[in-house]
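Please consult the sequence and structure shown here while reading.

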Amino acid sequence: MPDLAPYAAREERSRGRQYSERAPDHRSEYQRDRDRIIHCAAFRRLEYKTQVFVNHEGDMFRTRLTHSIEVAQIGRTIARALKLNEDLTEAICLAHDLGHTPFGHAGQDILDECMKPYGGFEHNLQSLRVVDLLEERYADFPGLNLTFETREGILKHCSRTNAMLLGEIGQRFLDRQQPGLEAQVANIADEIAYNNHDVDDGLRSGLITMEQLKETDLFREQLDRVKSTWPELNGRRVCHEVIRRMINLLVNDLVETSATEIQNRNPSGIEEVRQSESVMIRLSEGTQEKHIQLKQFLRNNLYKHERVKLMTREAKERIRELFSAYMERPGVLPEEVQERIQQAEKQASDQGVPRIIADYIAGMTDRFAIAEFERVNS
Ligand code: MG
């Protein structure tokens, strides 16, 4: 067993699984969670889901799968440095985007709009639905039956209305408490990963330039260093050297700042972490400002770029049309989904037709959603 700090999550003090199971033979409980996530269908589908660029735009861009792997890699480094539970951190990182719709945030926004009269759609909550309900892999229970700590980490945000429906797992949003430190690490590892890989993908796509990126302190400072050390260096090696250094700087700052924060607050265990008013895993103020500056730069110059906006508009159109086609003509849905609808109607379940359709659409890959859009409109 690796050396764990007292405030790290420990499986012997886990709040456990919804359905009790025998302990695994050669793995920790959190390793088992991680393995269940890697083996599930939603995880494999991440390969064909958009991060920023629609999946078929090019082979070199990040997808949700490579994004999730990068998040896990950054998260594990931080967790190990802080003597937190690395297995749990990895499980949360790998699962954090399982509920993402096709076409990235555009897909999530439009599905939320379609679902407004029926309780809305939140991708974080959807990730939890995937692991709690939608995956069909075990004879004894629906979903993956993950530990409370992994599920707590997956549910990063949640509206009060939804939190009230979720019971134990939603309680912290009502009490304004924090998740365990491993979940806090996964959260910020996600931000570090996407800010940096979106710089890389943005440059590769030609939608943003190094010249523009010099507006941001984080990029400019590292670029100056790289240029002064290797004045002759050109092309991709410059940008990769800069990005590598940005990630390093952020991770080092995060580890040092968080270690001090934890030391100052001195939590005796995970419960004390949960009860604290604010997060303990954080960047220093100066670095946080620079990180936000980079995030805003990407928002203004990449996510709002005309070409990305065009993809966004097309994506929204497709999802909106698919949703209304399924609602009006459930007969065009695959048999399996129709059966689920019939069952829900029989049981007068609160998971009515719109929710089943939203689950089906959310599970689609980019290319499948495009093919489905063509099929239902032909
Ligand atoms: Mg993410």
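## Basis of the model

The model is predicted, with local features requiring pLDDT of at least 70 and side-chain atom pairs counted only at pLDDT 80 or more, whereas totals for chains, interfaces and linings use all residues. Residues are numbered from 1 along each chain as its sequence is written, and side-chain values use heavy atoms, with hydrogens and water left out.

## Nonpolar cores

A nonpolar core is a set of buried Ala, Val, Leu, Ile, Met, Phe, Trp, Tyr and Cys residues joined through side-chain atoms within 4.5 Å. Buried denotes under 20% relative accessible area, exposed over 50%, and partly exposed the range in between (1.4 Å probe, protein chains only). The largest such core has 79 residues, and the members that touch the most others are Ile37, Leu84, Leu98, Val199 and Ile281. A second, separate core comprises 27 residues, including Phe103, Ile319, Ile357 and Ala369.

Contact is taken as heavy atoms within 4.5 Å. With neighbours within four places in sequence set aside, leucine 98 contacts Ile37, Cys40, Ala42, Phe43, Leu46, Ser127, Val130 and Val131. In soluble globular proteins, nonpolar side chains tend to be buried together.

Helices (H or I, at least four residues) are DSSP runs numbered from the N terminus. Axes are lines fitted to C-alpha atoms over the stretch in contact, and angles run from 0 to 180 degrees between N-to-C directions. Angles under 35 degrees count as roughly parallel, over 145 as roughly antiparallel, 65 to 115 as roughly perpendicular and the rest as oblique. A crossing is left-handed if the near helix is turned anticlockwise from the far one by less than a right angle, and right-handed if clockwise.

Helix 10 (residues 181–205) packs against helix 13 at about 165 degrees, with the axes 11 Å apart; the pair is therefore roughly antiparallel. Their crossing is right-handed. Among the residues in contact are Ile188, Ile192 and Val199 of helix 10, and Ile243, Met246 and Leu250 of helix 13. Helix 12 (residues 217–229) meets helix 13 (residues 236–265) at about 120 degrees, with an axis separation of 9 Å, and the two are therefore oblique. This crossing of helix 12 and helix 13 is also right-handed. The residues in contact include Leu218, Phe219 and Arg225 of helix 12, together with Glu241, Met246 and Leu250 of helix 13.

## Helix 13 with helix 15

Helix 15 (residues 285–303) packs against helix 13 at an angle of about 140 degrees, with the axes 11 Å apart. The pair is therefore oblique, and the crossing is left-handed. Met246, Leu249, Leu250 and Asp253 of helix 13 meet Thr287, His291 and Leu294 of helix 15.

## Two individual residues

Leucine 250 belongs to helix 13 and is buried, with a relative accessible area of 0%. Apart from residues up to four places away in sequence, leucine 250 touches Ile192, Asn196, Leu218, Leu283, Thr287 and His291. Its C-alpha atom is separated by 21 Å from that of leucine 88, 162 residues apart along the chain.

Serine 159 lies in the loop between helix 7 (148–154) and helix 8 (160–166). Serine 159 is partly exposed, with a relative accessible area of 27%. Between serine 159 and leucine 125, 34 residues apart in sequence, the C-alpha to C-alpha distance is 9.4 Å.
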